[in-house]
Amino acid sequence: MWNNKNVWILLIGEFIAGLGLWLGIIGNLEFMQEKVPSDFVKSLILAAGLLAGIAVGPWAGKVTDQMNKKTVMLVSGAVRTVSVVFMLIAIETGSVWWMVVFLVFLQISAAFYFPALQAAIPLVVEENNLLQLNGVHMNVSTLSRVLGTAVAGILLVIMPLSMLYVMSLGAYAGLFVITCFLKINEPAKLKNHSNKASASGTSFKDVFPIIKGLPIVFMTLVLTLVPLLFIGGFNLMVINISEIQDSSVIKSWIYATEGIGFMLGAFLVKQISLRSSPYTILFLFSFVIGFSQLLLYFADVPILTVLAFLVFGFAVGSFFPTAATIFQTRVPKEFHGRFFSFRNMLDRVTFQVVLLMTGFLLDTVGLQHMAIIFGALSLVMTASFYLRFKQLRTNAEVTNKVS
């Protein structure tokens with residue numbers, strides 16, 4: 001795998017993109033803290049971009065299946081680079097509306113880029129290396145997040161906010177350049193399917209029978225909602241914890257600790273998978289995620305706050321590479337574009353709902369009571385899915401014995 005030039009291009013590109021993304025995210029948080037006093041209004045601003053991504057999701061899936069994956073990545077990368085200009089205008093004018101425009105274009109580009117990226121990964125490595133590559137890819141993303149947030153925190157002290165976005169723009173431009181060197185050899189079967197799809201038309205709904213006919217894919221898809229319940233309001237929670245503890249430094253500690261935990265989880269998941277089934281990993285770490293949410297009841301205690309995010313990071317670091325590998329290996333490759341676009345849409349809808357819920361609950365009941373609500377909901381959801389899974393497996397064993 002490590003002799004494959006395309007693997008290195010994907011990993012270096014992910015690192016550069018992650019730096020650009022997290023420089024921008026820290027900049028967004030700083031800009032909103034200055035301009036927007038309400039947590040709920042902050043959530044509405046962030047949700048505007050997510051809504052735009054959801055709107056173009058079906059089209060993005062069809063385009064990804066019909067076109068060369070590299071072409072989709074390049075065009076969406078160019079749009080993402082240009083979108084940063086709108087945020088520079090927002091800073092210059094002090095207008096939140098220009099920030100909304102920036103978020104809309106950013107999320108539209110992401111709606112195309114990430115399905116194409118997920119569909120490209122199985123085309124550059126053998127299937128037996130997928131779990132390892134997914135883990136390493138996510139680790140690189142997390143490393144860029146740790147460095148990006150740390151660098152952003154330092155730069156905010158010594159430079160104007162606009163410089164964060166100038167550096168973010170440079171990172172996105174660098175990603176565009178390095179993507180030009182990527183070579184994806186799509187199998188003839190996929191090319192023929194894409195040509196037929198272009199001629200006869202494809203429907204985004206084509207993916208639903210695939211999901212329905214693969215119980216392992218459906219169950220994994222539903223289980224991914226559990227970590228999203230935490231991740232959806234992540235940035236708002238970080239801002240709120242910073243205010244509770246009256247500390248700007250805690251934001252960097254939270255991002256860094258969660259990132260380190262994620263990297264450990266993604267690094268060790270390959271070893272864990274040798275001893276446990278994918279579903280054991282998914283259910284176990286879903287419970288751990290619920291526990292980490294409950295720990296945030298003690299959000300006024302710095303060490304317990306950091307511990308909660310460390311535990312959460314390790315859990316999702318093991319969870320997401322396992323889920324991604326299941327999707328990439330079980331869903332037919334000719335449907336990858338539409339499937340990953342559908343998954344991104346589902347993630348975005350969940351993000352939007354959780355984001356609005358988080359903003360509302362932070363304004364009404366506060367972070368600590370919200371942590372109890374979300375933690376309990378995560379544990380109940382996981383327990384319900386686990387019992388359903390056990391029932392399905394028992395029914396399947398009975399059917400096999402009868403036949």
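## Packing of H3 against H6

The model described here is predicted. In it, Lys70, Met73, Leu74, Gly77, Ala78, Arg80, Thr81, Val84, Val85, Met87, Leu88 and Ile91 in H3 meet a set of residues in H6. On the H6 side, the partners are Leu161, Ser162, Tyr165, Val166, Ser168, Leu169, Tyr172, Ala173, Leu175, Phe176 and Thr179. By class, the residues of this contact of H3 with H6 comprise 16 nonpolar, five polar and two charged.

Two packed helices are described by the angle between their axes and the distance between the axes. For helix H3 (residues 69–93) and helix H6 (residues 161–179), the angle is about 170° and the axes are 9 Å apart. H3 is therefore roughly antiparallel to H6, since an angle over 145 degrees falls in that class.

## Packing of H5 against H6

Helix H5 (residues 130–158) also packs against H6, with axes that come within 8 Å and cross at roughly 140°. This angle makes H5 oblique to H6.

The contact joins Ala152, Leu155 and Leu156 in H5 to Leu161, Leu164 and Met167 in H6. Its residues are six nonpolar, with no polar and no charged residues.

The domain assignment divides the chain into domain 1 (5–181) and domain 2 (211–392). The C-alpha centres of domain 1 and domain 2 are 20 Å apart, and the contact draws on 48 residues from domain 1 and 45 residues from domain 2.

About 4,000 Å² of area is buried between domain 1 and domain 2, and carbon and sulfur atoms give 66% of that area. On the side of domain 1, Asp39, Ile54 and Leu131 supply 16% of the area buried against domain 2, more than any other three residues.

## Two buried residues

Phe102 belongs to helix H4 (residues 96–124). Its relative accessible area is 3%, so Phe102 is buried. Apart from neighbours within four places in sequence, Phe102 is in contact with Asn28, Ser83, Val84, Phe86, Met87 and Tyr165. Among these, Val84 and Met87 in H3 and Tyr165 in H6 also take part in the contact of H3 with H6. A distance of 21 Å separates the C-alpha atoms of Phe102 and Ile231, which are 129 residues apart along the chain.

Ile26 is placed in helix H1 (residues 5–35). Ile26 counts as buried because its relative accessibility is 12%, and the limit for that class is under 20%. Not counting residues up to four places away in sequence, Ile26 touches Thr149, Ala152, Leu156 and Tyr255. Of these partners, Ala152 and Leu156 in H5 also meet H6.

## Two exposed loop residues

Glu126 is located in the loop between H4 and H5. With 57% relative accessibility, Glu126 counts as exposed. Its C-alpha atom is separated by 30 Å from that of Phe312, 186 residues apart along the chain.

Asp246 occupies the loop between helix H11 (234–244) and helix H12 (249–273). Its relative accessibility is 70%, so Asp246 counts as exposed. Asp246 is not a glycine, yet it has a positive phi of about 50°.

Notes. Residues numbered from 1 in each chain as written. Predicted model: local features only at pLDDT ≥ 70, side-chain atom pairs only at ≥ 80, totals over all residues. Heavy atoms only, no water. Helix = DSSP H or I, 4+ residues; strand = E, 2+ residues; numbered from the N terminus. Buried < 20%, exposed > 50% of the residue type's maximum accessible area, 1.4 Å probe, protein only. Contact = heavy atoms within 4.5 Å. Axes fitted to C-alpha atoms, helices over the stretch in contact; angles between N-to-C directions. Parallel < 35°, antiparallel > 145°, perpendicular 65-115°, else oblique. Nonpolar A, V, L, I, M, F, W, Y, C, P; charged D, E, K, R; others polar. Domains from an automatic or database assignment. Buried area = accessible area lost by both parts, 1.4 Å probe.
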